[in-house]
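The following exercises are for a reader who meets this structure for the first time. Each task is followed by a solution in steps.

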Amino acid sequence: MPPEPAEPPPAPSRRAFVATTAAIGGAVAVGGTPAASAAPAAGARPPAGRVSLTVNGERHTLTVDNRTSLLDLLREHLALTGTKKGCDAGACGACTVLLDGRRVNTCLTLAIRLEGTEVTTIEGLAPDGHDADDGELHPLQRAFIEHDAFQCGFCTPGQLMSAAACIREGHTGSAAEIREWMSGNLCRCGCYTNIVKAVDQAAAHRK
C-alpha cells in the first residue's frame, strides 16, 4: 500500500510575510549593504546653516537645521506662535505669512533659503507691531471682530495675512473674487460668509 502524500506546509501569515520581506529588503540595500549602515552615525548632527532675515521689521541671524521650515523657525526659534501649524502640508493656509509682500505657506518654505528676505507675521500686521500691548488694530482685525468672522480662531491668523495680501493685490472687486482668492485658507468653523464681508469692508476702508 503506497504511503499517503504529505500535507503541504501551511501558508505563511501576512505578519510573517511582511516581516520576512522587510528583513530581506534591509539585507540587500544598496550594494548589498544592510540599510542600517546607510543611516547617519549615532550622535551625528544634521547639516545646519546660518540665515539672516527680517521678521516684522526686526533683523535676525540664526543657525538652523537645513530642514527647518519657516513655520518652525517662527514658532520655535523666535517664539512667534501666532502663525499656526495646521495640516503641515500646505493644504489649510493656517500658517500663511507675507514673504517680501507675497503670501506663502510657511510649512512648505525652507528657512535656510530665505537669506535677506522680509517676513510679516500676524504679530506684525497691526501698525504698532507685536511689541504693543494696547496698540491700534489693523483694519482687517477690526473688520473680523465686527463681522464675527471667526469662532475657534485657529485659522484666523492665516486668514488675516492672506486677506491683507488679497487686498494689496487688488482682488476684492466682488464677493466672488474675494472667495476665489481666499480659497486657499480653510475655516473648519464655516465662517466663510462673514470672512468675505470682513475682507470687503477692510478693502473699502483702504480706498
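**Exercise 1.** Which residues does phenylalanine 144 touch, not counting residues up to four places away in sequence?

*Solution.* The model is a predicted one, in which local features need pLDDT of at least 70 and side-chain atom pairs count only at pLDDT 80 or more, while totals for chains, interfaces and linings use all residues. Residues are numbered from 1 along each chain as its sequence is written, and side-chain values use heavy atoms, with hydrogens and water left out.

Step 1. Contact means heavy atoms within 4.5 Å.

Step 2. By this criterion, phenylalanine 144 touches Ala149, Phe150, Thr156, Gln159, Leu160, Ile195, Ala198 and Val199.

**Exercise 2.** State how many helices and strands the protein chain has, and in what pattern they follow one another.

*Solution.* Step 1. Helices (H or I, at least four residues) and strands (E, at least two) are DSSP runs, numbered from the N terminus.

Step 2. There are 6 helices and 5 strands in the protein chain.

Step 3. Along the sequence, the pattern reads α-β-β-α-β-β-β-α-α-α-α.

**Exercise 3.** Describe how helix α3 packs against helix α6.

*Solution.* Step 1. Two packed helices are described by the angle between their axes and the distance between the axes. Axes are lines fitted to C-alpha atoms, for helices over the stretch in contact, and angles run from 0 to 180 degrees between N-to-C directions.

Step 2. The axes of α3 (residues 139-146) and α6 (residues 192-206) cross at roughly 140 degrees and come within 8 Å. α3 is therefore oblique to α6; angles under 35 degrees count as roughly parallel, over 145 as roughly antiparallel, 65 to 115 as roughly perpendicular and the rest as oblique.

Step 3. On the side of α3, the contact is made by Pro139, Leu140, Arg142, Ala143, Phe144 and Glu146; on the side of α6, by Ile195, Ala198, Val199, Gln201, Ala202 and His205.

**Exercise 4.** Describe how α3 packs against helix α4.

*Solution.* Step 1. The axes of α3 and α4 (residues 156-168) are 10 Å apart, and the helices pack at an angle of about 125 degrees. α3 is thus oblique to α4.

Step 2. From α3, Leu140, Gln141 and Phe144 meet Thr156, Gln159, Leu160, Ala163, Ala164 and Ile167 of α4.

**Exercise 5.** Which residues touch the most other members of the largest nonpolar core?

*Solution.* Step 1. A nonpolar core is a set of buried Ala, Val, Leu, Ile, Met, Phe, Trp, Tyr and Cys residues joined through side-chain atoms within 4.5 Å. Buried means under 20% relative accessible area, exposed over 50%, partly exposed in between (1.4 Å probe, protein chains only).

Step 2. In the largest core, of 25 residues, Leu140, Phe144, Ile195 and Val199 touch the most other members. The elements giving two or more residues to this core are α3, α4 and α6, and α4 gives the most, with 7 residues.

Step 3. Another core, of 16 residues, lies apart from this one; among its members are Leu62, Leu70, Ala111 and Val119.

**Exercise 6.** Is threonine 106 buried or exposed?

*Solution.* Step 1. Threonine 106 is found in the loop between β4 (102-105) and β5 (118-120).

Step 2. Threonine 106 is buried because its relative accessible area is 0%.

Step 3. Not counting residues up to four places away in sequence, threonine 106 touches Ser69, Leu70, Leu71, Leu74, Thr83, Cys95 and Val97.
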